[in-house]
Amino acid sequence: MAALDAVLVWGGAVSVVATLGTVAWRAARGAIRLGRRVDHFMDDWTGEEERPGVPARPGVIERVSGIEERLSRVEHELYPNSGGSLRDAVDLANERLARLCPDSGGCGNGEPPDPLPAEPTSP
(Lines give C-alpha, C1' and ligand atoms only; values in the text may rest on other atoms or scores of the structure.)
Protein backbone atom coordinates (compact mmCIF):
# COMPACT_ATOMS: atom_id res chain seq x y z
CA MET A 1 0.00 0.00 0.00
CA ALA A 2 2.90 2.37 0.48
CA ALA A 3 3.69 2.26 -3.23
CA LEU A 4 0.07 3.11 -4.08
CA ASP A 5 0.15 6.03 -1.62
CA ALA A 6 3.35 7.32 -3.19
CA VAL A 7 1.87 7.10 -6.70
CA LEU A 8 -1.26 8.93 -5.56
CA VAL A 9 0.76 11.66 -3.83
CA TRP A 10 3.00 12.14 -6.87
CA GLY A 11 -0.01 12.09 -9.18
CA GLY A 12 -1.70 14.75 -7.05
CA ALA A 13 1.47 16.86 -7.02
CA VAL A 14 1.80 16.60 -10.82
CA SER A 15 -1.88 17.59 -11.21
CA VAL A 16 -1.45 20.63 -8.94
CA VAL A 17 1.72 21.72 -10.77
CA ALA A 18 0.02 21.24 -14.17
CA THR A 19 -3.02 23.23 -13.00
CA LEU A 20 -0.86 26.07 -11.70
CA GLY A 21 1.15 26.06 -14.94
CA THR A 22 -2.03 26.21 -17.01
CA VAL A 23 -3.42 29.08 -14.92
CA ALA A 24 -0.12 30.97 -15.19
CA TRP A 25 0.05 30.34 -18.96
CA ARG A 26 -3.52 31.61 -19.51
CA ALA A 27 -2.86 34.68 -17.35
CA ALA A 28 0.34 35.44 -19.28
CA ARG A 29 -1.48 34.96 -22.60
CA GLY A 30 -4.24 37.35 -21.48
CA ALA A 31 -1.67 39.91 -20.34
CA ILE A 32 0.14 39.69 -23.69
CA ARG A 33 -3.14 40.19 -25.59
CA LEU A 34 -4.03 43.18 -23.40
CA GLY A 35 -0.55 44.59 -23.94
CA ARG A 36 -0.96 44.31 -27.72
CA ARG A 37 -4.32 46.09 -27.56
CA VAL A 38 -2.86 48.87 -25.44
CA ASP A 39 0.04 49.15 -27.91
CA HIS A 40 -2.37 49.41 -30.87
CA PHE A 41 -4.42 52.03 -29.01
CA MET A 42 -1.33 54.09 -28.26
CA ASP A 43 -0.22 53.85 -31.91
CA ASP A 44 -3.65 55.12 -32.98
CA TRP A 45 -3.61 57.88 -30.35
CA THR A 46 -0.13 59.21 -31.08
CA GLY A 47 0.04 58.33 -34.78
CA GLU A 48 2.80 56.57 -36.64
CA GLU A 49 5.78 57.93 -38.50
CA GLU A 50 6.27 57.20 -42.18
CA ARG A 51 8.41 54.20 -42.94
CA PRO A 52 9.38 52.51 -46.22
CA GLY A 53 6.25 51.39 -48.03
CA VAL A 54 3.87 52.66 -45.35
CA PRO A 55 2.50 56.21 -45.27
CA ALA A 56 2.41 58.17 -42.02
CA ARG A 57 -0.80 58.12 -39.97
CA PRO A 58 -1.74 61.19 -37.95
CA GLY A 59 -2.61 60.80 -34.29
CA VAL A 60 -5.91 61.66 -32.65
CA ILE A 61 -4.86 65.12 -31.49
CA GLU A 62 -3.63 66.06 -34.98
CA ARG A 63 -6.84 64.76 -36.55
CA VAL A 64 -9.05 66.64 -34.06
CA SER A 65 -7.17 69.88 -34.74
CA GLY A 66 -7.78 69.36 -38.48
CA ILE A 67 -11.49 68.83 -37.81
CA GLU A 68 -11.61 72.01 -35.70
CA GLU A 69 -9.92 73.96 -38.49
CA ARG A 70 -12.45 72.72 -41.06
CA LEU A 71 -15.31 73.51 -38.70
CA SER A 72 -14.07 77.07 -38.21
CA ARG A 73 -14.03 77.54 -42.01
CA VAL A 74 -17.62 76.28 -42.21
CA GLU A 75 -18.71 78.55 -39.34
CA HIS A 76 -17.12 81.49 -41.16
CA GLU A 77 -19.54 80.87 -44.04
CA LEU A 78 -22.64 80.53 -41.84
CA TYR A 79 -22.63 83.93 -40.13
CA PRO A 80 -22.56 87.45 -41.59
CA ASN A 81 -19.04 88.78 -41.23
CA SER A 82 -16.65 90.24 -43.78
CA GLY A 83 -19.00 90.33 -46.75
CA GLY A 84 -17.46 87.30 -48.40
CA SER A 85 -19.33 84.55 -46.61
CA LEU A 86 -22.15 82.47 -47.99
CA ARG A 87 -24.52 84.06 -45.47
CA ASP A 88 -23.59 87.54 -46.72
CA ALA A 89 -24.27 86.44 -50.30
CA VAL A 90 -27.69 85.05 -49.35
CA ASP A 91 -28.55 88.21 -47.41
CA LEU A 92 -27.52 90.36 -50.41
CA ALA A 93 -29.62 88.24 -52.79
CA ASN A 94 -32.62 88.54 -50.46
CA GLU A 95 -32.17 92.31 -50.24
CA ARG A 96 -32.01 92.64 -54.04
CA LEU A 97 -35.06 90.42 -54.45
CA ALA A 98 -36.97 92.51 -51.91
CA ARG A 99 -36.13 95.64 -53.95
CA LEU A 100 -37.34 93.98 -57.15
CA CYS A 101 -40.54 92.59 -55.63
CA PRO A 102 -41.57 94.94 -52.81
CA ASP A 103 -45.06 93.48 -52.27
CA SER A 104 -45.38 90.40 -50.11
CA GLY A 105 -47.41 88.55 -52.77
CA GLY A 106 -44.40 88.18 -55.02
CA CYS A 107 -43.68 89.56 -58.47
CA GLY A 108 -46.20 89.68 -61.29
CA ASN A 109 -49.91 90.36 -61.41
CA GLY A 110 -50.90 88.16 -58.49
CA GLU A 111 -52.09 85.29 -60.66
CA PRO A 112 -50.39 81.93 -60.65
CA PRO A 113 -48.20 81.19 -63.67
CA ASP A 114 -49.67 79.35 -66.65
CA PRO A 115 -49.41 75.59 -66.38
CA LEU A 116 -47.06 73.77 -68.70
CA PRO A 117 -48.70 72.67 -71.95
CA ALA A 118 -49.71 69.04 -72.03
CA GLU A 119 -47.61 66.71 -74.11
CA PRO A 120 -49.30 65.59 -77.31
CA THR A 121 -50.65 62.09 -77.10
CA SER A 122 -49.94 59.68 -79.90
CA PRO A 123 -52.95 57.92 -81.53
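Modeller: We start with a definition: helices (H or I, at least four residues) and strands (E, at least two) are DSSP runs, numbered from the N terminus. By that rule, Ile 61 lies in helix α2 (residues 60-78). This is a predicted model: local features need pLDDT of at least 70, side-chain atom pairs count only at pLDDT 80 or more, and totals for chains, interfaces and linings use all residues. Residues are numbered from 1 along each chain as its sequence is written, and side-chain values use heavy atoms, with hydrogens and water left out.

Biologist: How many helices and strands does the protein chain have?

Modeller: Three helices and zero strands. From the N terminus on, the order is α-α-α.

Biologist: Why is Ile 61 called exposed?

Modeller: Buried means under 20% relative accessible area, exposed over 50%, and partly exposed in between (1.4 Å probe, protein chains only). Ile 61 has 56%, so Ile 61 is exposed.

Biologist: Why is Ser 85 called buried?

Modeller: Its relative accessible area is 2%, which is under 20%, so Ser 85 is buried. Ser 85 lies in the loop between α2 and α3 (86-100).

Biologist: What does Ser 85 touch, not counting residues up to four places away in sequence?

Modeller: His 76, Glu 77, Tyr 79 and Pro 80. Contact here means heavy atoms within 4.5 Å.

Biologist: What makes Arg 57 and Asp 44 a salt bridge?

Modeller: A salt bridge is a side-chain nitrogen of Lys or Arg within 4 Å of a carboxyl oxygen of Asp or Glu. For Arg 57 and Asp 44, the closest N and O atoms are 2.9 Å apart, so the pair qualifies. The pair links distant parts of the chain: Arg 57 is in the loop between α1 and α2, Asp 44 is in helix α1, and they are 13 residues apart.
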